[in-house]
Amino acid sequence: MSWVRERLRHTVPAAIILGVAAIGALANAHTPEQAQMLAERAVAHIQAVGREQAFSDFSRPDGGFVEDELYVFCWDVSGVVVAHGGNPRTVGHSWADLRGADGGLLIADLNQFVATRGSGWVQFRWPNPLTRRIELKTAYVLRADDRTVCGSGFYKGTPQ
């Protein structure tokens with residue numbers, strides 16, 4: 001019986017730690033509804049305060065548009081990033097030549113999607129700012145105005 005006590009003494013604390021970590025991850029999980037609401041709120045914010053202020057707000061952790069892995073990203077029709085809550089250092093950089101996992105031009109494909117559908121759900125592989133791994137991301141993207149596309153999404157690897 002002492003071997004059982006010894007094994008439990010080491011196993012139970014590990015199980016508790018893993019359980020607490022899983023609960024913490026679930027508490028930070030985001031839903032498709034939250035991603036869509038954030039993207040739509042971002043477009044309303046652009047209309048309310050103007051592009052410059054809105055893009056600044058989207059790219060700041062304290063701007064009201066970043067929560068864990070959920071953030072707003074926007075680019076102009078030429079592919080230049082104008083706001084990015086997950087990685088503000090990308091603002092001003094052109095992603096026109098950025099290739100997706102399938103080899104296609106990611107921004108061109110997303111621009112075409114928004115041009116034909118107006119808004120909707122897309123999936124692509126992207127770096128998760130929390131795990132720092134390339135993961136499958138599901139994002140709601142929409143036209144913010146005649147020259148800007150914005151979106152927000154969640155990662156498939158994140159518990160829902």
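Me: Ala, Val, Leu, Ile, Met, Phe, Trp, Tyr, Cys and Pro count as nonpolar, Asp, Glu, Lys and Arg as charged, and the others, Gly among them, as polar. With that in hand, how do the residues of the lining of the largest cavity divide?

Reply: They divide into nine nonpolar, one polar and one charged. Before we go on, this is a predicted model, where local features need pLDDT of at least 70 and side-chain atom pairs count only at pLDDT 80 or more, while totals for chains, interfaces and linings use all residues. Residues are numbered from 1 along each chain as its sequence is written, and side-chain values use heavy atoms, with hydrogens and water left out.

Me: Thanks! What is a cavity here, and what is a pocket?

Reply: Both come from a 1 Å grid over the protein atoms alone. A cavity is a set of points where a 1.4 Å probe fits but cannot get out. A pocket is an open set with protein on both sides within 12 Å along at least five of seven lines. Lining residues have an atom within 4 Å of a point.

Me: And what volume does the largest cavity have?

Reply: About 90 Å³, where a volume is the space filled by probe spheres set on the points, and grid points are joined across faces, edges and corners. The count comes to one cavity of 30 Å³ or more.

Me: Which residues line the largest cavity?

Reply: Y71, F73, W75, H84, W95, L106, I107, L110, F124, W126 and K137 do. At least two of the lining residues come from each of β2, α4 (106–117) and β4. Helices (H or I, at least four residues) and strands (E, at least two) are DSSP runs, numbered from the N terminus.

Me: Is R132 buried or exposed?

Reply: R132 counts as exposed because its relative accessibility is 74%. Buried means under 20% relative accessible area, exposed over 50%, and partly exposed in between (1.4 Å probe, protein chains only).

Me: What about phi of D68?

Reply: Phi of D68 is near 55 degrees, again a positive value in a residue other than glycine. D68 sits in the loop between β1 (66–67) and β2 (70–76), and at 32% relative accessibility D68 counts as partly exposed.

Me: New topic: how many aromatic pairs does the structure hold?

Reply: Eight aromatic pairs. One of them is F55 with F58, a tilted pair at 6.2 Å centre to centre with 55 degrees between the planes. Rings of Phe, Tyr and Trp (its six-membered ring) pair if their centres lie within 6.5 Å; planes under 30 degrees apart count as stacked, over 60 as edge-to-face and the rest as tilted.

Me: Why are F55 and F58 separated by about one helical turn?

Reply: Because they are three residues apart in helix α3 (residues 51–59). F55 is buried at 9%, and F58 is buried at 0%. F58 also pairs with F65, edge-to-face, at 4.8 Å centre to centre and 70 degrees between the planes. F55, F58 and F65 form one aromatic cluster.

Me: What sits over the ring of F65?

Reply: The charged end of R41, 4.3 Å from the ring centre. A charge sits over a ring if NZ of Lys or CZ of Arg is within 6 Å of the ring centre and within 35 degrees of the ring normal.

Me: Last one: what joins C74 to C150?

Reply: A disulfide, S to S 2.1 Å, where a disulfide is a pair of cysteine sulfur atoms within 2.5 Å. The link is right-handed, with 105 degrees about the S-S bond. The pair links distant parts of the chain, as C74 in strand β2 and C150 in strand β6 (residues 148–155) are 76 residues apart. C74 is buried at 1% relative accessibility, and C150 is buried at 0%.
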